[in-house]
Amino acid sequence: MLNQKIVLIGAGSLQFGLSSVGNILESEGLMGSTICLHDINQDALNLTFQACNDAINHRKLNFNLEITTDRKEALKGATFIINSIEVPPRFRLMDMDFRVPQYYGCKQITGENGGPGGLFHSLRVIPPILDICEDILKICPNAFLINFSNPMTRICLAIHRRYPSLKFVGLCHEYVHFMPIIRKILNTPLSNLDIKAGGFNHFGIILDIKYKETGIDAYPDIRKNGPKVLKSITTGPVLDSGFDLIAFILETYNYLPYTPDSHYGE
């Protein structure tokens, strides 16, 4: 895996840029790689670059860090591209995605991925993402694209239909972010759990979970302790709408989703 060039498109987002670079820096297999930060917002990009560069220098890590607002330049020699763009102003537009259908009597949870709001979001963000994919096929056709942008399933469907030869996958952090809650429910280290999960983006469940030490099924303990723990959570990295719906799904169908209410509700 040495000498990879990993391009982050949309790196000016501090949440996406810093967390993605942080994940890369923790990978011994990627040591020696070049990380290229790209965004069309120079000021935001400079902040991400400074923070990432300080982290690399402080830890004396073997990574080369680049920065550019020129997408075609960023893609030259790329082996991996991580995309997480949004059309600005993101939150004002997302508010409209929610409120316009609501005004006409269409109830939806957030309007980010499902329903008419998700459609508006898709129509807004898919065209520039397809432009990125076109550049990838022209400049670095053997590179692998990882898409973080939402609405995930609609974007991935559009990419597959328009550019079926492009190597890509849609990825979301929701499963990883939910793991501290699993640990809290079962009161055991994650290293002691063997977990299988699956589903659609923002609509997945824990399929099977066992204690590694004993091989015993951990789902009875989740069904016993999970609802109370889920309903008690008021703070945390994945809390944007609570977990009452997730607790209801667990109590009703005996399976645990690994995402907050807003995602699963859509």
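Lys210 and Asp208 form a salt bridge, their closest N and O atoms lying 2.8 Å apart; a salt bridge here is a side-chain nitrogen of Lys or Arg within 4 Å of a carboxyl oxygen of Asp or Glu. The model is predicted, so local features need pLDDT of at least 70 and side-chain atom pairs count only at pLDDT 80 or more, while totals for chains, interfaces and linings use all residues. Residues are numbered from 1 along each chain as its sequence is written, and side-chain values use heavy atoms, with hydrogens and water left out.

**Salt bridges**

The structure holds nine salt bridges. Side chains of opposite charge can pair when their charged atoms come close.

Helices (H or I, at least four residues) and strands (E, at least two) are DSSP runs, numbered from the N terminus.

Glu26 lies in the loop between helix H1 (14-25) and strand S2 (34-38), and Arg59 lies in helix H2 (residues 42-59), so the pair ties together parts that are 33 residues apart in sequence.

A network of salt bridges links Arg71, Lys72 and Asp135.

**Accessibility of the paired residues**

Buried means under 20% relative accessible area, exposed over 50%, and partly exposed in between (1.4 Å probe, protein chains only). Lys210 is partly exposed at 30%, as is Asp208 at 26%. Glu251 is partly exposed at 45%, and Lys231 is partly exposed at 47%.

Lys228 is also in helix H8, which spans residues 219-232. Lys228 is exposed, with 70% relative accessibility. Its C-alpha atom is 14 Å from that of Arg183, a residue 45 positions away along the chain.

**Nonpolar surface patch**

Met96, Val100, Tyr103, Tyr104, Leu119, Phe120 and Leu123 form a nonpolar patch on the surface, and together have about 790 Å² of accessible area. Patch residues have over 30% relative accessible area and no salt bridge; nonpolar side chains (Val, Leu, Ile, Met, Phe, Trp, Tyr) are joined within 5 Å, like charges within 9 Å. Accessible areas come from the Shrake-Rupley method with a 1.4 Å probe, and for residues only the protein chains shown count as cover. Helix H4 (90-103) and helix H5 (115-139) each supply at least two residues of the patch. Phe120 sits in helix H5 and is partly exposed, at 33% relative accessible area.
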